[in-house]
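Reader: Could you take me through this chain with a few questions about its overall make-up and its backbone?

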Amino acid sequence: MNVLDQARAIGDAVLYEGYLLYPYRASAGKNKVRWQWGVLMPPSYASAEIGEHASAGAECLLEPLERTILHVKLRFLRTRTRLTWDEAAEHEIDFELPLSELPVETPFHVPGEERTHPLSGVLTARVDQLDGPFGGARLRVEVHNTTSWHSDGIREHALRHSLLAAHLVLSVDTGHFLSMLDPPEWAKPAVEACRQERLWPVLIGDTSRSTVMLASPIILYDNPSIAEESPGDLFDGTEIDEILTLRTMTLTDEEKREARATDPRAAAIVDRVDSMPPELLERLHGAVRSLRPVEPTVTVAGVRVAAGSQVRLRPNLRGADAQDMFLTGKTATVRVILSDVDGATHVAVTLDDDPGADLQHAHGRYRYFSPDEIEPLEVAE
């Protein structure tokens, strides 16, 4: 997958975050107040007092080269009106902006189609050179909904004249963007001076510099990715696929009929869950995303512990899973040493008396302990 395709995949997840929540029925209370992320209302309805806005903008740093061209892809949903439930239709608008021609204000118009309303807006972009000897520039891009609509004060109606889950995919043909989470030392003051208004710049393809940046209404870490185990959209990133899949399996036949009638995407979820083979459901269980391999050894009580080392488990019952108390004193084999996003070290083990230990290892299913919860069986010299 190239970097732009990765940005589109993450953007798709942003587009449909919260679009339709379990139990996937229009009658459910949580599905009666929709679209909280990236909503750009028509100016006649927008008000800071009620937390609704007509514009959003992001600032990020880049190191351009001569004749760099900025490509901006504005992506959003618009509603397609139905009697009991408004469906979503995707829309994209592309802009090609030579940096030498900034600042610019570029209007756009989206004509109304069957069961959709026309939309209009303005994309603005400007670039300012940074002070100091290191070069670089600050880019600001904003999106404004300028749709004319006589407000009746009803949010559901205003949404039909809104840009929903709006976000931007920014890319440059030469030069690169810098991470806003971990910038080089010289760029940190400039990063701190950047202002974000309902959009957050997320580096795609790397965690330090890249030619692609996603301006997302949801704050994400740099270089996010879609879980390989996920078989399809569930529209709720605050839950995990396994839980939502199991919950959907518990719906009654009547509840499933109502979900299927609510929206084609809800019907697809129910159909996928009903036909999901056991091995696919098994893939959703127990995946750990926050851990990465680190140094092959860790020193515990003066003994070097590595993959293959035997240890005795001494769980810290104050901070550990309550079930770990049953593992106290058991011996285990270290399989890999890992580190989480905060830099903490974790020792992944399989139990020596578990007849399925090798199978667990083959599938990457481990029990995790911190170094102070294990006791090397080897004696330090």
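What follows is a set of questions and answers on this structure.

Author: This is a predicted model, in which local features need pLDDT of at least 70 and side-chain atom pairs count only at pLDDT 80 or more, while totals for chains, interfaces and linings use all residues. Residues are numbered from 1 along each chain as its sequence is written, and side-chain values use heavy atoms, with hydrogens and water left out.

Reader: How many helices and strands does the chain have?

Author: Helices (H or I, at least four residues) and strands (E, at least two) are DSSP runs, numbered from the N terminus. Counted in this way, the chain has eight helices and 19 strands.

Reader: What percentage of the residues in the chain is buried?

Author: A residue is called buried under 20% relative accessible area, exposed over 50%, and partly exposed in between, using a 1.4 Å probe and protein chains only. Of the 381 residues in the chain, the buried share is 44%.

Reader: Where does Pro-103 lie?

Author: The peptide bond from Leu-102 to Pro-103 is cis too, with omega near 10°. As for its place, Pro-103 belongs to the loop between strand 3 (87–98) and strand 4 (104–110).

Reader: Is Ala-165 buried or exposed?

Author: Most residues other than glycine have a negative phi. Ala-165, however, has a positive phi of about 55° although it is not a glycine, and its place is in strand 7 (residues 164–172). Because its relative accessibility is 2%, Ala-165 counts as buried.

Reader: What is the relative accessible area of Arg-198?

Author: Arg-198 also has a positive phi, near 65°, and is found in the loop between helix 3 (188–193) and strand 9 (200–204). Arg-198 counts as partly exposed because its relative accessible area is 38%.

Reader: Which residue has its backbone oxygen 2.8 Å from a polar atom of the side chain of Arg-82?

Author: Arg-82 sits in the loop between strand 2 (69–80) and strand 3. Leaving aside neighbours within four places in sequence, Arg-82 is in contact (heavy atoms within 4.5 Å) with residues including Glu-87, Arg-115 and Asp-263. The backbone oxygen that lies 2.8 Å from a polar atom of the Arg-82 side chain belongs to Thr-262.

Technical notes
Polar contact = N/O pair within 3.5 Å; in protein donor to acceptor, adjacent residues only side chain to side chain.
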